[in-house]
Amino acid sequence: MALSSNFAFSVKRCKPELVVPAKPTPREIKKLSDIDDQEGFRFQVPIVFFYKNNPSMKGINPVEVIREGLAKTLVYYYPFAGRIMEGDNRKLMVDCNGEGVLFVEADACIMLEQLGDYILPPCPLMEEFLHDVPGTGGIIGCPLLLIQVTRFICGGFALGIRLNHTMADAYGMLQFLNSISELIKGASAPSISPVWQREQYLNARSPPRITCMHHEFEQIRQSRDFMDSDKLIRTSIFFTPKVIQALYYRLSLSGSSRRCSRFDLIIACLWKCRTNALNPSNPDETVRLSVIANLRGKPGLKIPTGYYGNAFVYPAAVSTARILCTAPLSYAVQLIQNAKAQMSEEYIKSVADLIVIKKRPKYATDWNFLVSDITRLRGEKIDLGWGNAVYGGVAWATSNLSFCTNFKNSKGEDGVVVPICLPPLAVEKFKYELEKMTCEPLCRM
């Protein structure tokens, strides 16, 4: 997606600094869980929030407010101020040394309103609002958080965050940001106390044993290499209420009486359309969709409130490309619901055991589309004193990983935005398949 030729601005950044906890914190080594340190989580996640000008905050510098709130919050979340190290068998752990998180102050010579829907993922300006400071993007020995606050000339600002995924999932990161919000507003401590205890929860059993089928880790050789990450197009789809209603109507046409969540419906649609657009050379190719499923509140696990580590697995729905593409939408919905129904205590323990037994395999990437629903997290509700964010969530998708996020577009329509990556030749086909299924023109692409 290209900006118009007359759309130009610059961002002036100050020298990066380290923000350390506001008070002394324990010096110790903390091990990550076996779920945390699997190979597939060893990457950086870009997150961005955009805030409008708030007249009641006139004269108050968001950089100073957020920097101070961050330092106070790191007293409670002090592992974030440490550095990841590797132990025996590549086991990850945190050296809680208090070195701090990387913080960048910046100014953009533009008004937030001028960006319009370009703040949506895949934000083409993200590199401006979250500069990748050279030498800091690794997993081992690097800052666990990079935060950039960019002021706009209108009084609004952008908050860009780069998170080492081994440390936290979306729920954990939102919990951390909520704590910053509370301390900024004068609270003496976070309302939810952070819980580490990674060695107690989501670790493999002794001895470990794989007791369930885990299609999400099953490596299947694809017939051709069509997902070259260097050539993919980043785009996104905005599902308005009208489009979602059209999908429910199509579901009803198949005679299905199954109750279906909005998330299941959207990802069933995307899975079918994406597979059609990628056009497998072998129609009997096995294709998968992995549903990222939160483990908090699951019976038997007893994960405590305040646990901010990675607490999710991603069971896979499986089909052949031929059946998925030709069957009604209800077929994909049912497969997705069946995959989610696997989420027993035994299944989750089997995942942790598999990670250890198979030496931290990465989740399968060949013909495996992973999707996460973060609409319920309400990232846009993170209020740092300037009100709700105009947009708050993940900045873009990767080659096979997408997210569902809330967004209100420039027309005032509330909906769900889903970023996605596709090969250049598949983009128009994907758009055609989507519009055919919804009988509605798409609001992005």
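Rings of Phe, Tyr and Trp (its six-membered ring) count as a pair if their centres lie within 6.5 Å; planes under 30 degrees apart make the pair stacked, over 60 edge-to-face, and the rest tilted. Phe41, Phe217, Phe312, Tyr314 and Tyr363 come together as one aromatic cluster, and the structure holds 19 aromatic pairs. This is a predicted model, where local features need pLDDT of at least 70 and side-chain atom pairs count only at pLDDT 80 or more, while totals for chains, interfaces and linings use all residues. Residues are numbered from 1 along each chain as its sequence is written, and side-chain values use heavy atoms, with hydrogens and water left out.

One of the pairs joins Phe50 and Phe152, which are stacked at 6.5 Å centre to centre with 25° between the planes. Phe50 lies in strand β4 (residues 44–51) and Phe152 in strand β8 (residues 145–152), so this pair ties together parts that are 102 residues apart in sequence. Helices (H or I, at least four residues) and strands (E, at least two) are DSSP runs here, numbered from the N terminus.

Phe152 also pairs with Phe129, this time edge-to-face, at 5.7 Å centre to centre and 75° between the planes. Phe129 belongs to helix α2 (residues 126–129), 23 residues from Phe152. Phe50 and Phe152 are both buried, and Phe129 is buried too; buried means under 20% relative accessible area, exposed over 50%, and partly exposed in between (1.4 Å probe, protein chains only).

Charges meet rings as well. The charged end of Arg234 sits over the ring of Trp396, 3.9 Å from its centre, and that of Arg198 sits over the ring of Tyr307 at 5.7 Å. Sitting over a ring requires NZ of Lys or CZ of Arg to be within 6 Å of the ring centre and within 35 degrees of the ring normal.
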